[in-house]
Amino acid sequence: MLFTPSDTRRILWDSWLYNDNGTYHLFHLTKYSGRRSDAINHAVSSDLLNWKDLGPVIRMGTGRQWDAGFLLTGTVIRFRDSYYMFYGARRGHLQLLGLAVSPDLNRWEKYSEEPLLAPDPRWYETDVGGTPLHHAAWRDPCIQRDSQGTFHLFLCARVSEGGLNGGGAIAHAVSDNLLDWEIGPPVHVSGNYGFLEVPDVFFFHDRWYLLFSCGEWHSCRSREWPRGASGIRYLVSEGIDGPYIEPENSLLLGSPSGSLHNYAGRSIACPSNASEGRIFYYNNVFPNTLKNRGSFRGSWAMPKKMIFRNEKPELVLPKALSSLFLKDLYSMDLNSRNFTCHPQSDRNSRNWKHPDTETVEGSADRGFSVYLDLCDYDRLYISSQPEGACRSCGFLVHYSTEDNEGTAVMMDYEKSLLRICGCSIGEIGWIFVPVTEVPLPPGMRKTPATEDCLITLVLMGFFLDVYCNGTLTDSLHMSVNHGKWGFFAESGSVSFRKVRINGSRSSAP
């Protein structure tokens, strides 16, 4: 885990980031398990990987203060010689927005005992008496400044019509001084989502982009999303004040199957060259489809670089972060490892071999054949190019023989899907239960593949990132973070070429 609160009793929730001359300031909601957020925590880093926890900087108000209810997501912006943190709180059924000010990002003083903004009933829902909701949305601020110096505020809100699974909107307000705001109509109203949470607005290559997060519990069902849409999506506009349009394929990170395991995605400009892209960061949250919830404390995930191909954002592993991540890892030579197969795969073990230091080959006449190592790793980097003619193949990650469960990354050629599955061994063989799935890249949907496709797995603790040809495909919380790893094939043969393995564990291999 890259960052979790040093107070082990507390959970990390939504986060926001500010880069102050090369020092990254991470602010996040924090709470005790089973309770609502009662504080905003602060941590600092120079490389986005190693963090110093500085503890809470803002706590929930008391008495008649506007933020006496539980706290909601915020954002930080600098204006003149001060830093302004806009954050939310819920009082009764209404969400409100307020302000704290700081001279140095460390000492914060609340601006007023009254809120700065509340939803305007001319455009936004304020009465939830006739809806199944328990609150009126007015949260997750994002602020950008246009070329004339005007500040634009964007918020997660709702219009009164639209029902639970529609009516989600992006509210809009403008100001010249960050204190006096003029609320206007929404820049986007969606019929697909009940909420467009944590909006993140930025300008790149002559267009304005707006990222948002959505969950299956407040998304309409459709042919594309039979269980509802989940994850982080985006809108596009020609101007900062909209209208913002959702492209046909708006998914940036998440699962069309409805599984929710990453959320609250935001970005900041790349510090070296803003024209190259942006740093994208998010939280690994809600392992609601996997076991072992007791291990979950919330984690700030490894940041990615957001680049743009044909005006569509894609996520890649930044070279600088990749080098830092790999710096202390032990490089493993396949010929120096003691491989064994799981007992229920012994009949197939003769089919597995590693003819050179960068290749693993195997086959299975029917069912699954799995080739396993016996080592535990708390950090792991695996990359290879699968080739062959089989029904499916992939990687087994942290399979625990004690718990009889693990995670599998599967290239399902029959369905043209990349699947991440929970896996176990039953009485008649392997059981794979898909947790999330996304389409395979076009050149990899057949075996043998029509083009090379490099699969890269990056693991830290309980968290797994999966890349296809350098582009992030999925990121999720796993069920276990210890056990065996290996390769498997179903009904055919496969060759894993250009294998690279780096890992670390408490005792050196």
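Colleague: What lies over the face of Trp-13?

Modeller: Lys-31 does, at 4.1 Å from the ring centre. The rule for a charge over a ring is NZ of Lys or CZ of Arg within 6 Å of the ring centre and within 35 degrees of the ring normal. This is a predicted model, where local features need pLDDT of at least 70, side-chain atom pairs count only at pLDDT 80 or more, and totals for chains, interfaces and linings use all residues. Numbering runs from 1 along each chain as its sequence is written, and side-chain values use heavy atoms, with hydrogens and water left out.

Colleague: And which ring does the charged end of Arg-158 sit over?

Modeller: That of Phe-195, 5.7 Å from its centre.

Colleague: How many aromatic pairs are there in the whole structure?

Modeller: The search finds 29. Rings of Phe, Tyr and Trp (its six-membered ring) pair if their centres lie within 6.5 Å; planes under 30 degrees apart are stacked, over 60 edge-to-face, the rest tilted. Tyr-209 and Tyr-234 make a tilted pair, with 6.3 Å between centres and 40° between planes.

Colleague: Where do those two sit in the chain?

Modeller: Tyr-209 is in strand 14 (residues 207-214) and Tyr-234 in strand 15 (residues 230-237). They are 25 residues apart, so the pair links distant parts of the chain. Strands here are DSSP runs of E, at least two residues, and helices are runs of H or I, at least four, numbered from the N terminus.

Colleague: Is Tyr-209 buried or exposed?

Modeller: Tyr-209 counts as buried because its relative accessibility is 1%. Tyr-234 is buried too, at 4%. Buried means under 20% relative accessible area, exposed over 50%, partly exposed in between (1.4 Å probe, protein chains only).

Colleague: Which cluster do their rings belong to?

Modeller: Ring pairs link Phe-202, Phe-204, Tyr-209, Tyr-234 and Phe-308.

Colleague: How do strand 20 and strand 21 pair?

Modeller: Antiparallel, over five bridges, with strand 20 at residues 304-309 and strand 21 at 312-316. Met-306 is bridged to Leu-315 in strand 21. The hairpin has two residues between the strands, and Asn-310 takes a positive phi near 55° there.

Colleague: What does Gly-486 touch?

Modeller: Tyr-371, Leu-372, Gly-394, Phe-395 and Leu-396, not counting residues up to four places away in sequence. Contact means heavy atoms within 4.5 Å. Gly-486 lies in strand 34 (residues 484-504) and is buried at 2% relative accessibility.

Colleague: And Thr-473?

Modeller: Thr-473 is in strand 33 (residues 471-477). At 16% relative accessibility, Thr-473 counts as buried.

Colleague: Where does pLDDT stay under 50?

Modeller: Over residues 287-295, for which the model has 19 contacts beyond four places in sequence. pLDDT is the predictor's confidence in each residue, from 0 to 100. Where it is low, the predicted coordinates should not be read in detail. The protein's mean is 85, and 89% of its residues reach 70 or more.

Notes
Two strands pair if DSSP finds at least two bridges between them.
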